[in-house]
Amino acid sequence: MSTGTRQDKESRAGGEFAEKVVKVRRCATVVKGGRRFSFAGLVVVGNGRGKVGVGYGKANEVPPAVEKAIKDGMKNLVEVPLTGGTIPHRVEGVSGTAKVLLLPASPGTGIIAGAAVRAVCESAGIQDVLTKCHGSFNSVNLVKAAVEALKQLRTREDVERLRGISLGAESSSS
């Protein structure tokens with residue numbers, strides 16, 4: 001029976017998406033008979049080729065919480081433009097009091113990041129990036145801030161199209 005559940009999990013995630021559990025939190029409610037525990041899971045899903053999503057799920061047991069988080073992450077996928085194995089330009093994302101700064105890096109640098117931001121970058125398919133976190137180090141807010149930063153990325157072609165000019169001619173005349 002467990003094999004069928006595994007196949008269902010893969011088909012629900014689309015087969016190509018990999019999920020990484022970033023954090024599992026335990027919450028306790030005090031009732032007359034003692035403490036009642038519940039769990040919350042933070043999961044990052046991505047295909048490693050420019051699509052990444054973050055999900056958060058809560059349940060009375062850990063596996064259902066993770067399943068809900070995966071389902072939530074699949075609903076919140078973001079497209080990330082990549083240039084080579086890095087990001088096109090410097091971006092900063094904010095969530096709550098957590099700030100994440102992402103900087104492009106030269107090939108061979110790797111992902112210089114903590115566990116929460118690293119999970120987002122690896123799932124998105126970024127191979128070389130430098131990161132710096134300011135403010136809160138709450139992993140939920142760090143992951144959300146990293147995704148907010150990735151949403152701000154634009155390629156040179158996108159900027160040229162939006163502005164209606166050619167950036168190649170502009171930089172040579174300056």
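Author: In the largest nonpolar core, which has 31 residues, V100, L102, V117, V120 and L150 touch the most other members. The model is predicted, so local features need pLDDT of at least 70 and side-chain atom pairs count only at pLDDT 80 or more, while totals for chains, interfaces and linings use all residues. Residues are numbered from 1 along each chain as its sequence is written, and side-chain values use heavy atoms, with hydrogens and water left out.

Reader: Why is this called a nonpolar core?

Author: The term denotes a set of buried Ala, Val, Leu, Ile, Met, Phe, Trp, Tyr and Cys residues joined through side-chain atoms within 4.5 Å, where buried means under 20% relative accessible area with a 1.4 Å probe and protein chains only. The largest share of this core, eight residues, comes from α4, helices being DSSP runs of H or I with at least four residues and strands runs of E with at least two, numbered from the N terminus.

Reader: What makes V120 a residue in contact with others?

Author: Contact means heavy atoms within 4.5 Å, and on that basis V120 touches V44, V52, V143, A146, V147 and L150, leaving aside residues up to four places away in sequence.

Reader: How do you know that β7 pairs with β8?

Author: Two strands pair if DSSP finds at least two bridges between them; two bridges join β7 to β8 (residues 129-135), so these parallel strands count as paired. In β8, V129 is the bridge partner of I111.

Notes. Buried means under 20% relative accessible area, exposed over 50%, partly exposed in between (1.4 Å probe, protein chains only).
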